[in-house]
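Biologist: Could you walk me through how to read a few features of a model? I would like the general idea, then the case at hand.

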Amino acid sequence: MSDIAIRFENVSKLYRLGTVGTGTIAHDIQRWWTTSVLHKEDPYLKIGETNDRSSKGRSDYVYALKDITFDVKQGEVLGIIGKNGAGKSTLLKLLSRVTYPTTGNIYVKGRIASLLEVGTGFHPELTGRENIYMNGSILGMKKHEIDRKLDEIVDFSGCERYLDTPVKRYSSGMMVRLGFAVAAHLEPEILVVDEVLAVGDAEFQKKAIGKMQDVSKGEGRTVLFVSHNMASLRQLCSKGILLNNGSIQEIGDIDPVVDNYLSDANLQAQTSFNAAIDGVIKNDGIELLELSILNTIKQKPKIMSITDKIGFYIKYRINNTLYRPDLSFLITTSSGDKVFHSVFKTDDYKVGVKEYIAWIPPDLLNSIDYLFTLGITTSNPTKIHIQKTIKFSVEDDYNSKTRNNNYKGLFHGVVRPIIEWEKTY
């Protein structure tokens with residue numbers, strides 16, 4: 001375990017819904033006798049069930065986490081992904097010793113600094129300055145060590161003017177700024193950050209991401225990061241864990257883990273939104289018969305070339321003239337960044353089958369993965385009758401007109417249009 005910073009071995013966390021305790025004094029005595037005297041497993045853990053928020057369970061006991069096992073190496077940045085209630089925050093609280101596992105073991109090498117909730121570790125009646133010293137002392141630092149870091153912490157947080165004001169008067173954004181500055185600068189070996197950074201403004205989020213990169217790459221410290229911002233996770237993390245209903249669904253390199261999470265999310269959104277019957281999506285007298293991707297010569301390749309026109313073939317049927325549907329679509333990257341949005345008024349609302357192709361010009365989209373989300377909608381009032389998302393990839397081509405002068409490097413960004421350059425005198 002020389003290069004392992006964190007190890008989870010078969011860790012589970014069980015909670016009882018509703019009342020605290022076993023329910024009767026007799027059961028409390030039985031639990032104490034079994035666990036404390038006989039040193040056996042708690043008999044009241046055996047009726048737990050998975051923490052699935054979407055359905056009502058039959059037991060009063062649920063596992064927030066169940067049989068979690070993984071290692072994190074020193075200097076690694078681990079992204080923890082999952083929908084709300086998947087167990088992400090519980091995992092970080094176990095690691096930070098805010099609470100303890102019901103079963104299993106957690107091994108940690110080094111000091112941990114945690115930012116789990118707004119104001120974590122702060123005493124509301126103490127000033128910002130006093131809280132910095134208190135947090136440093138908790139981490140085992142000497143006063144002269146904190147003195148050396150104080151100016152850097154205050155400068156990073158941007159809270160210098162309010163440093164001697166009790167933190168109970170801080171806004172949530174100021175609290176996060178100071179809390180992150182303290183956690184990142186007081187030299188912990190392990191930095192644990194929950195999605196509280198979403199409270200901060202865009203400028204601070206950018207600074208925080210940069211600081212976490214410095215901490216991991218430049219200083220060799222370990223970072224665990226929970227966020228719903230997939231672009232930040234891809235940028236910062238090298239490895240990811242996807243949690244689902246308290247269990248590990250996938251663990252590995254960050255890009256495929258994020259892709260699978262987004263694919264599952266899109267599939268679930270489509271399933272809940274549309275009524276699919278025999279492969280045809282039907283809703284409000286409108287049926288989506290086909291949605292597919294075409295290249296310039298109207299073939300259906302799995303991967304598009306950047307030099308091809310990209311066409312989105314849409315075939316649907318109107319069964320009821322009550323609705324006057326138009327077409328719109330949104331293209332996003334696989335990490336959720338919006339590329340562009342388009343709306344098309346069809347002017348054909350008669351009963352029958354309709355076919356359209358939306359063409360995107362060549363040399364526009366970069367060589368990455370995208371999502372195309374179709375909406376069949378009406379206005380006055382605005383309503384989405386059918387929505388469907390498909391994924392497609394664009395492959396680079398050295399014959400692209402965007403590669404003037406035989407440039408061989410990677411193009412950054414989500415689009416790479418042909419730019420007209422004009423020399424002026």
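Modeller: Gladly. Let us start with Asn10, which sits in strand E1, residues 4–16. Keep in mind that this is a predicted model.

Biologist: What is the phi of Asn10?

Modeller: The general idea is that most residues other than glycine have a negative phi. Asn10 has a phi near 50 degrees, a positive value in a residue that is not glycine.

Biologist: Is Asn10 buried, partly exposed or exposed?

Modeller: Asn10 counts as partly exposed, because its relative accessibility is 48% and that class lies between 20% and 50%.

Biologist: Where does Arg97 lie, and what is its phi?

Modeller: Arg97 is in the loop that runs between helix H2 (88–95) and strand E5 (103–108). Its phi is positive too, about 65 degrees, although Arg97 is not a glycine.

Biologist: Let us turn to salt bridges. How many salt bridges are there?

Modeller: In general, side chains of opposite charge can pair when their charged atoms come close. In this model the count comes to 11 salt bridges. One of them joins Glu125 and Lys168, with 3.1 Å between the closest N and O atoms.

Biologist: Which parts of the chain does that pair link?

Modeller: Distant ones: the two residues are 43 residues apart. Glu125 belongs to the loop between strand E6 (112–115) and helix H3 (128–138), while Lys168 belongs to the loop between helix H4 (143–157) and helix H5 (172–185). Glu125 is partly exposed because its relative accessible area is 48%, and Lys168 is partly exposed at 42%.

Biologist: What are the partners and the N to O distance in the pair that Glu287 forms?

Modeller: Glu287 pairs with Arg317, and their closest N and O atoms are 2.8 Å apart. Glu287 has 12% relative accessibility, so it counts as buried. Arg317, with a relative accessible area of 27%, is partly exposed.

Biologist: And which residue forms a salt bridge with Asp396?

Modeller: That is Arg416, with the closest N and O atoms 3.1 Å apart. Asp396 and Arg416 are both in the segment after strand E20 (383–395), 20 residues apart. Asp396 is partly exposed, with a relative accessible area of 29%, whereas Arg416 is buried, at 4%.

Biologist: Now the surface. Which residues form a nonpolar patch there?

Modeller: The patch is made of Ile25, Ile29, Trp32, Trp33, Val37 and Leu38, and together they have about 630 Å² of accessible area. Leu38 is located in the loop between helix H1 (25–37) and strand E2 (49–50). With 40% relative accessibility, Leu38 counts as partly exposed. That value qualifies Leu38 for a patch, because patch residues need over 30% relative accessible area.

Biologist: How about the inside: how many cavities of 30 Å³ or more does a search of the whole structure find?

Modeller: The idea is to roll a probe the size of a water molecule over the atoms, which shows where empty space is left. Here the search finds two cavities of 30 Å³ or more. The second largest cavity holds about 30 Å³ of space.

Biologist: Which residues line the second largest cavity?

Modeller: Its lining consists of Ser305, Ile306, Asp308, Ile310, Pro361, Pro362, Asp363, Leu364, Leu365 and Val394. By class, seven of these are nonpolar, one is polar and two are charged.

Notes: Residues are numbered from 1 along each chain as its sequence is written. This is a predicted model: local features need pLDDT of at least 70, side-chain atom pairs count only at pLDDT 80 or more; totals for chains, interfaces and linings use all residues. Side-chain values use heavy atoms; hydrogens and water are left out. On a 1 Å grid over the protein atoms alone, a cavity is a set of points where a 1.4 Å probe fits but cannot get out, and a pocket is an open set with protein on both sides within 12 Å along at least five of seven lines; lining residues have an atom within 4 Å of a point. Grid points are joined across faces, edges and corners, and a volume is the space filled by probe spheres set on the points. Ala, Val, Leu, Ile, Met, Phe, Trp, Tyr, Cys and Pro count as nonpolar, Asp, Glu, Lys and Arg as charged, and the others, Gly among them, as polar. Patches are made of residues with over 30% relative accessible area and no salt bridge: like charges are joined within 9 Å, nonpolar side chains (Val, Leu, Ile, Met, Phe, Trp, Tyr) within 5 Å. Accessible areas come from the Shrake-Rupley method with a 1.4 Å probe; for residues, only the protein chains shown count as cover. A salt bridge is a side-chain nitrogen of Lys or Arg within 4 Å of a carboxyl oxygen of Asp or Glu. Helices (H or I, at least four residues) and strands (E, at least two) are DSSP runs, numbered from the N terminus. Buried means under 20% relative accessible area, exposed over 50%, partly exposed in between (1.4 Å probe, protein chains only).
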